[in-house]
Amino acid sequence: MRVGLLLALLLFTPLTFAQNLYQQLGEQEGIETIVEEMLYRVGGDDRIAHHFDGVDIMRVHKLISEQVCDLSGGPCDYSGEDMKTSHRNMGVDNADFNALVEHLIVAMEKQDVPVSAQNQLLGLLAPMHGDIVEE
């Protein structure tokens with residue numbers, strides 16, 4: 001009986017964690033608002049705005065929202081390319097990557113996302129660094 005209970009707990013804990021993150025981000029509407037705010041801030045940032053010149057920003061919004069929803073355990077499936085392919089030859093460096101993360105954090109703070117949830121999301125996004133940054 002104890003083994004079964006422990007096994008059930010271990011099997012469902014990651015799902016609960018992810019669903020909890022999705023909810024803490026405000027579900028689909030909250031995620032879309034966070035991404036919109038982040039992209040708005042990026043557009044006004046001379047350090048990184050050039051990476052988005054000539055890009056369909058509505059498509060970028062859709063794809064980042066899907067990706068965050070998917071990663072956080074929401075009911076979305078990310079439909080974009082992998083990070084290495086989509087960022088190839090963009091010349092993104094560590095400073096660019098960090099600037100975007102700054103804007104994401106400010107956008108989450110503006111939506112009153114708890115710091116623990118912010119850290120959870122950043123932890124899920126951090127492994128993408130190596131596929132995005134070209135140094």
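In this predicted model, His87 is found in the loop that links helix H4, comprising residues 83-86, to helix H5, comprising residues 94-110. The UniProt record, in an unreviewed entry, assigns the feature "binding site" to His87. The relative accessibility of His87 is 17%, and because residues under 20% are classed as buried, His87 belongs to the buried class. When residues up to four places away in sequence are left aside, the contacts of His87 are with Asp131, Ile132 and Glu134.

Of its 135 residues, 33% are buried. Among contacts with a separation of 6 or more, 72% are made by residues 24 or more positions apart. The accessible surface of the protein chain amounts to about 8,400 Å², and carbon and sulfur atoms contribute 57% of that area.

Helix H2, which covers residues 27-43, was examined for its length and for its buried positions. The buried residues of H2 are Gly30, Ile31, Ile34, Val35, Glu37, Met38, Leu39 and Val42. In an α-helix there are 3.6 residues a turn, and therefore residues three or four places apart point the same way.

Key: Residues numbered from 1 in each chain as written. Predicted model: local features only at pLDDT ≥ 70, side-chain atom pairs only at ≥ 80, totals over all residues. Heavy atoms only, no water. UniProt positions renumbered as here; feature names shortened; annotations may be inferred. Helix = DSSP H or I, 4+ residues; strand = E, 2+ residues; numbered from the N terminus. Buried < 20%, exposed > 50% of the residue type's maximum accessible area, 1.4 Å probe, protein only. Contact = heavy atoms within 4.5 Å. Expected span 1.5 Å × (residues − 1). Areas by Shrake-Rupley, 256 points an atom, 1.4 Å probe, with all protein chains shown as cover.
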